[in-house]
Amino acid sequence: MITISVCMIVKDEEKVLKRCLDSLKDIADEFIIVDTGSKDKTKEIAKKYTDKIYDFKWIDDFAAARNYSFSKATKDYIYVADADEIIDEENKNKFLALKQVLLPEIEIVQMFYTNQLEYGTTYNYDREYRPKLYKRLRTFHWADQIHETVELDPVIYDSDIEIIHKPAEHHAGRDFRTFLNLIEKGEILSKKMVNMYSKELFIAGTEEDFLNAKEFFLGILEDDERT
């Protein structure tokens with residue numbers, strides 16, 4: 001049977017954290033909680049489930065915080081959870097069964113992420129596959145008898161487990177402010193990030209935000225013309 005580190009990044013999640021951790025406590029072999037600056041009782045709640053609680057200074061970078069949480073994990077696989085997610089009893093039993101039989105060559109397990117549209121997210125689907133469980137240490141293999149190459153494509157398993165997204169409030173404003181901070185700092189946004197910024201602008205932007213965004217998008221068009 002595999003072991004699982006549940007890795008989370010949190011900030012001011014006292015309204016939903018207990019609900020999430022309760023739904024995962026039978027699945028997790030350890031909880032890794034990375035706090036990015038909570039001012040409420042988030043850390044007090046987390047201490048009831050784990051002593052592996054770490055502080056990470058927020059730098060407008062979710063990826064950096066996720067990477068830090070992964071660096072603290074010690075188990076075979078890492079499950080990525082957000083505090084506003086829950087797993088109901090039916091899907092918890094599916095997850096426990098998966099722990100018993102997951103083949104070691106599988107490096108990523110996808111699960112259905114549900115209840116998206118109810119909370120005005122930027123996503124188009126109410127139920128979609130997302131990678132949620134990752135093998136912590138990846139083994140590289142050479143393939144092909146001649147002109148050999150290292151296999152880089154991960155072995156992915158699409159499970160039937162459903163994760164329920166159930167926030168206590170909308171996050172659009174928070175996410176939009178993160179984009180504004182990145183742009184103000186002069187950070188270069190990938191094409192994916194530009195697309196997400198556009199969606200957040202329509203969800204959470206004010207008329208002034210639309211006017212300010214004009215210069216940003218004109219700059220992107222000019223860069224595209226030069227290349």
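**Strands, helices and rings in a predicted model**

Reader: Which residue in strand 10 stands opposite Ile86?

Author: This is a predicted model, in which local features need pLDDT of at least 70 and side-chain atom pairs count only at pLDDT 80 or more, while totals for chains, interfaces and linings use all residues. Residues are numbered from 1 along each chain as its sequence is written, and side-chain values use heavy atoms, leaving out hydrogens and water. Strand 5 and strand 10 (residues 156–165) run antiparallel and are joined by 2 bridges; strands are DSSP runs of E with at least two residues, helices are runs of H or I with at least four, and both are numbered from the N terminus. The residue of strand 10 opposite Ile86 is Ile164.

Reader: What is the order of the 8 strands in the open sheet?

Author: Two strands pair if DSSP finds at least two bridges between them. The edge strands, each pairing on one side only, are strand 3 (53–55) and strand 5 (85–86). With mixed pairing, the order is 3-2-1-4-7-6-10-5.

Reader: At about what angle to strand 1 does helix 1 run?

Author: Axes are lines fitted to C-alpha atoms, for helices over the stretch in contact (heavy atoms within 4.5 Å). Angles run from 0 to 180 degrees between N-to-C directions. Helix 1 (residues 17–24) lies across strand 1, strand 2 (30–35), strand 4 and strand 5, and its angle to strand 1 is about 170°.

Reader: Is Cys7 buried or exposed?

Author: Cys7 stands opposite Val80 in strand 4. Buried means under 20% relative accessible area, exposed over 50%, and partly exposed in between, using a 1.4 Å probe and protein chains only. Because its relative accessible area is 1%, Cys7 is buried.

Reader: Why is the pair of Phe56 and Tyr68 described as tilted, and at what angle are the planes?

Author: Rings of Phe, Tyr and Trp (its six-membered ring) pair if their centres lie within 6.5 Å; planes under 30 degrees apart count as stacked, over 60 as edge-to-face and the rest as tilted. Phe56 lies in the loop between strand 3 and helix 3 and Tyr68 in helix 3, so the pair ties together parts 12 residues apart in sequence. The ring centres are 5.3 Å apart, and the pair is tilted because the planes are at 35°.

Reader: How far from the centre of the Phe112 ring is the charged end of Arg127?

Author: A charge sits over a ring if NZ of Lys or CZ of Arg is within 6 Å of the ring centre and within 35 degrees of the ring normal. Arg130 lies over the face of Tyr113, at 3.9 Å from the ring centre. For Arg127 over Phe112, the distance is 3.6 Å.
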